[in-house]
Amino acid sequence: MSENIKFLLLVFFFSIGISGQKEDTTKIISYENLVMVRANFDTNIEDFVTNFSEDGQKYKNQISLNNNINMYLSVDYRIISIMLGFAPRFFPGNNDNDLKGKSSYTDFKIRLFPGKLIQTLSYKNMKGFYLKNLGDIDPYWQEGRDPYIQFPELRIQSFSGNTAYSFNKDFSLAGIYYQREWQKESNGSFVPSLDYDLTYFRNKDDDLKNKETQFNLGLNLAYYYNWLIKDKINISPFAFAGIGGKWASFQEDLPNGERSEKDKNKYFTHKFGGGIHIGYNTKKFLFGGKLNYMSYNYKLDPESSLYNNNLYGLIYIGYRFAPPKAVKNTYDKIKNKIPIL
């Protein structure tokens, strides 16, 4: 387990130890009529791993952003949640530009919560990667002394969505993941979800550009269980598996000034994972931590594959308060015109 994950878990359990408790009486409490502001800190860093064979030897390339910790700020009110993620340069491990190069990261999400349905739409923009496993490739390279191989012009943009539904009316997925509710009784549910994204990979090398476009569609099935161990403390394990398809096309500039023909491919993808969430909640104050694992992979050809095995930790802290009159009145006017809100 990385030092960053250990640090996040230490902060989380320390916070539990110094907190008081209040008591609620209802089965599932909704906080949608309150404004909630929340900050998340996680170690979920984008890595892209390719396994391939050459001359009978197996190799691996792993490229990553020069970030160790991301920060997300979110605001929730009624049916809407808006979140902005970035990688602050003042966090340790986010500013090692001399050896790893400069990276930028932005993640913007909008979520809607109609009933038991959770709809997420997001835009992610990343630029500046480095070859993370250079030590496995170059035996003379020394970590901390020699710079990594860098890809400063590599940019990845993604437009994605996820639609999830909980079958059990007495189970609150929105409470576990987004702290919009509090579930008072232990319960679980199967949660199917559909995810989809359109991603662009752009790079420039010696003034020659290349571009890869990927469309992904996946169907997942998860099971979540929310275990109430105290009035205000819950533990929620989960596991999931999914299958899907990837449609990719690649095109690059040629030295003669023309562009190559598009190389189109289709892949069968599969993923699985799980994790655990621990949370503390009162009407106004909330915090918690999560540990998640996901494995995502597909075959590029009979001898090579791409996979991403990702273990990361997260902590969050939030506060709820009554909405200012201007916010409430504005929302009510918009709702009169858009009833779904």
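Student: Which residues does R78 touch, not counting residues up to four places away in sequence?
Tutor: In this predicted model, R78 sits in the loop between strand 5 (70-77) and strand 6 (80-86). Leaving aside residues up to four places away in sequence, R78 touches E32, N33, R180, K328, Y331, D332 and K335.

Student: With which side chain does the side chain of R78 make a polar contact, and is R78 buried or exposed?
Tutor: The polar contact of the R78 side chain, at 3.2 Å, is with the side chain of N33. Buried means under 20% relative accessible area, and the value for R78 is 11%. R78 therefore counts as buried.

Student: Which residue forms a salt bridge with D195, and why does the pair tie together parts that are apart in sequence?
Tutor: D195 forms a salt bridge with K271, the closest N and O atoms being 3.0 Å apart. Because D195 lies in strand 11 (residues 187-205) and K271 in strand 14 (residues 263-281), the pair ties together parts whose separation in sequence is 76 residues.

Student: Are D195 and K271 buried or exposed?
Tutor: The limit for a buried residue is under 20% relative accessible area. D195 is at 17% and K271 has 18%, so D195 counts as buried and K271 is likewise buried.

Student: How many salt bridges does the count come to?
Tutor: Among them is the one in which the side chains of D107 and K109 meet at 2.4 Å, N to O, and both of these residues are buried. K27, K169, D170 and E185 are linked in a network of salt bridges. The count comes to 11 salt bridges.

Technical notes. Residues are numbered from 1 along each chain as its sequence is written. This is a predicted model: local features need pLDDT of at least 70, side-chain atom pairs count only at pLDDT 80 or more; totals for chains, interfaces and linings use all residues. Side-chain values use heavy atoms; hydrogens and water are left out. Helices (H or I, at least four residues) and strands (E, at least two) are DSSP runs, numbered from the N terminus. Buried means under 20% relative accessible area, exposed over 50%, partly exposed in between (1.4 Å probe, protein chains only). A polar contact is a pair of N or O atoms within 3.5 Å; within protein, one must be able to donate a hydrogen and the other to accept it, and residues adjacent in sequence count only if both atoms are side-chain atoms. Contact means heavy atoms within 4.5 Å. A salt bridge is a side-chain nitrogen of Lys or Arg within 4 Å of a carboxyl oxygen of Asp or Glu.
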